[in-house]
Amino acid sequence: MTDHLPAIGTPPASFKRAAFYGRFSTHMQRPCSLDDQLRSCKEFADQAGWAILEDHIYTDSAISGTSSVGRNDYAALKRAADQYPAPFDYVLFDDTSRCARNVEEILGFVKLMKFRKIGVRFVSQKLDSIDPMFEMALQIYAMFDSQLVERIRAKVLSGQKGRVLAGFHVGSVPYGYKSVTIFADNSEILTGRARTLGSKLARVEEQAEVVQRIFMLFVDGYSMMGIAKILNQENTPS
């Protein structure tokens, strides 16, 4: 925890104890993204003569920034800030999107830290809560982050609609079916995603029989819990 502390004497007035928070959004992103974010913040801290406290490094993996729900380390960071005296002077983020991707959440977090007399710094964007223009610049960045999510959501929905209209399946695979990849005619000379046209559902006969039996049991008057009990007693795979 003291790796970055000055070796001798009293720390200068500019010295700050910092917490770090990092996040990446989906399982499609690289976990090393967290390492990249931490490295960026440590480089800033080293240059500023600050210390990122090892006990206050918080990270959430594969969690969306559109909500604070499920972000356990984000919640732990706010709980730590509630301590008196506060265990750190600043919270460092690589950029605003790592804190959240909606304006209200970011502004709420900064307001909470301000109440606790804790500064906030978004390193990549050089935004610091002590700057007079901080709140205005923060709102601009936060609005951009929020709009980016909406644009991505619209593009994904449009792409999925196109796949469905073309006869392909999108989304999770329901019980009773399996996903079969459909390759392009010239897939042998293509690479990556270009090799596939999409995927379609194919019936799994042994599972289809279970689905049919579930419906028949329901018609015979069994409740959903009763049906589940029968299938569990028979060790039917879920």
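Author: This is a predicted model. In it, Tyr21 stands opposite Tyr58, which belongs to β2.

Reader: And how do β1 and β2 pair, parallel or antiparallel?

Author: The pairing of β1, residues 17–23, with β2 is parallel and runs over six bridges.

Reader: Which helix packs on the sheet and touches β1 and β2?

Author: That is helix α2, residues 72–81, which also touches β3 (90–93). The direction of α2 makes about 140° with that of β2. Helix α4, residues 103–115, packs on the sheet as well, touching β3 and β4 (119–122). The direction of α4 makes about 140° with that of β4.

Reader: What is the strand order in the sheet?

Author: The sheet is open, with five strands in the order β2-β1-β3-β4-β5 and mixed pairing. β2 (51–60) and β5 (127–128) each have a single partner strand, so one side of each lacks a neighbour in the sheet.

Reader: Let us turn to His56 in β2. Is His56 buried or exposed?

Author: His56 is buried, because its relative accessible area is 12%, under the 20% cut-off.

Reader: What does His56 touch, sequence neighbours aside?

Author: Beyond four places in sequence, His56 touches Ala19, Phe20, Ala80, Pro87 and Phe88.

Reader: Now a change of topic: where does Ser199 lie?

Author: Ser199 lies in strand β7, residues 196–203. Ser199 is buried, with a relative accessible area of 16%. Setting aside neighbours within four places in sequence, its contacts include Phe168, His169 and Ser179.

Terms used: Residues numbered from 1 in each chain as written. Predicted model: local features only at pLDDT ≥ 70, side-chain atom pairs only at ≥ 80, totals over all residues. Heavy atoms only, no water. Pairing = 2+ DSSP bridges. Helix = DSSP H or I, 4+ residues; strand = E, 2+ residues; numbered from the N terminus. Contact = heavy atoms within 4.5 Å. Axes fitted to C-alpha atoms, helices over the stretch in contact; angles between N-to-C directions. Buried < 20%, exposed > 50% of the residue type's maximum accessible area, 1.4 Å probe, protein only.
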